[in-house]
Amino acid sequence: MFPNLANPNLCHEFYFVHRLDYATSGVMCIALNKQSARAASIAFEGRKVQKYYIAVVHGHINSPSIIINVPIGRDIREINGSRKMCTNDNQFCTEPRKSCTGLMVLEKGYYNNKAATKILLYPTTGRRHQLRVHCAYIGHVIVGDYTYSGKTDVEPYRTFLHALRIIIHNEVEHLDINTMDPFTSTIHKNQWKPSETIRVVNDKTFWDIQQLTLNT
C-alpha cells in the first residue's frame, strides 16, 4: 500500500516497533526512520506506552472489572512452531513471566444467540498472546479464538480482538491514536446483539482502567 515508504535495506522493509497477533486488528505503530524507531522502542521498553484493546468474549462476566495478574509462559507441549502460551498454573508452562491485564465490562449481550460480553482490556505487560491467554484463564475465551478455545471455535468470521487505542510518549512525536470499534450490532456479520450497557468507552473509561492496574 505504501511502496514509497518501504526500505529495501530492512528485513521486512519497514521499522516495526511492536507487533499484533495475526488475528488481531487495530492500530499499530510503524516508524518512518531509524531515529523514530529508536524513540518508539525506548518508549515501549520504558513502559511509556498505553495500549487499549476491545474484545467480545464468550459468556457473561458478572464482575464490572477484573485485574488478571497471572504469569504467562510457553506451553512446552506445542510443537511445529505454534508458539502457544499458557499460565503458570499449567504443569507444562515453562519460563513464566509477570503478566498483568486490566479488564472492564462494556456491554453484555449475545453473539449468535449465545451469551457474550464486550470488554475493554488494558495490558501493563507485553507477553505473547497475553490478552487471549488471560481471557481464557478466567473462563471467557475471546470469540473466534481458535487456538485458546481448544480448536473448537470455528464459526466466527474473525477473532473478536481489536487494538482500539495506543498512546506513545516519546522524544520525537507524542502519539495518541484512537480507532473505531469494529464490534457493533450495526455490522450484521458480527452477529452481536447487546442487551445491557455497563460502561461507554470515553476518556474516563480509559483513565479508570489504567488506574485499576496502577498498583499491580
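Does Asp208 count as buried or exposed, and at what relative accessibility? Asp208 counts as buried, at 17% relative accessibility. Here buried means under 20% relative accessible area, exposed means over 50%, and partly exposed lies in between (1.4 Å probe, protein chains only).

The model is predicted: local features need pLDDT of at least 70, side-chain atom pairs count only at pLDDT 80 or more, and totals for chains, interfaces and linings use all residues. Residues are numbered from 1 along each chain as its sequence is written, and side-chain values use heavy atoms, with hydrogens and water left out.

Asp208 belongs to the buried residues of helix α3 (residues 203-212), together with Thr205, Phe206 and Ile209. These residues cover an arc of only 165 degrees around the axis, which puts them on the same side of α3. The arc is that of the directions from the helix axis to the C-beta atoms. An α-helix has 3.6 residues a turn, so residues three or four places apart point the same way. The face of α3 turned away from the buried side carries exposed residues: Asp203, Lys204 and Trp207. Helices (H or I, at least four residues) and strands (E, at least two) are DSSP runs, numbered from the N terminus.

Asp208 also takes part in a salt bridge. Its partner is Arg199, and the closest N and O atoms are 2.5 Å apart. Arg199 is partly exposed, with a relative accessible area of 27%. A salt bridge is a side-chain nitrogen of Lys or Arg within 4 Å of a carboxyl oxygen of Asp or Glu. The structure holds nine salt bridges.

Shared partners join Asp21, Arg132 and Asp145 into one salt-bridge network. Asp21 pairs with Arg132, with the closest N and O atoms 3.1 Å apart. This pair links distant parts of the chain, 111 residues apart. Asp21 sits in the loop between β1 (15-16) and β2 (25-26), and Arg132 in helix α2. Asp21 counts as partly exposed at 23% relative accessibility. Arg132 is buried, with a relative accessible area of 9%. Arg132 also meets Asp145 in a salt bridge (2.9 Å, N to O). Asp145 lies in the loop between α2 and β11 (161-168), so this pair ties together parts that are 13 residues apart in sequence. Asp145 is buried, as is Arg132.

Helix α2 itself is largely enclosed by the rest of the structure, because six of its eight residues are buried. The buried residues are Gln130, Leu131, Arg132, Val133, His134 and Cys135. Gly139 follows α2 and has a positive phi, near 85 degrees. The C-alpha atom of His134 is separated by 23 Å from that of Thr179, which is 45 residues away along the chain. Thr179 lies in the loop between β12 (175-178) and β13 (192-197). Thr179 is partly exposed, with a relative accessible area of 24%.

Glu13 has a phi of about 75 degrees. Glu13 is found in the segment before β1 and counts as partly exposed at 40% relative accessibility. Lys151 has a phi of about 65 degrees. Lys151 lies in the loop between α2 and β11 and is exposed, with a relative accessible area of 56%.

Arg128 lies in the loop between β10 (114-123) and α2 (130-137). Arg128 is partly exposed, with a relative accessible area of 32%. Leu5 has its place in the segment before β1 and is partly exposed, with a relative accessible area of 40%.
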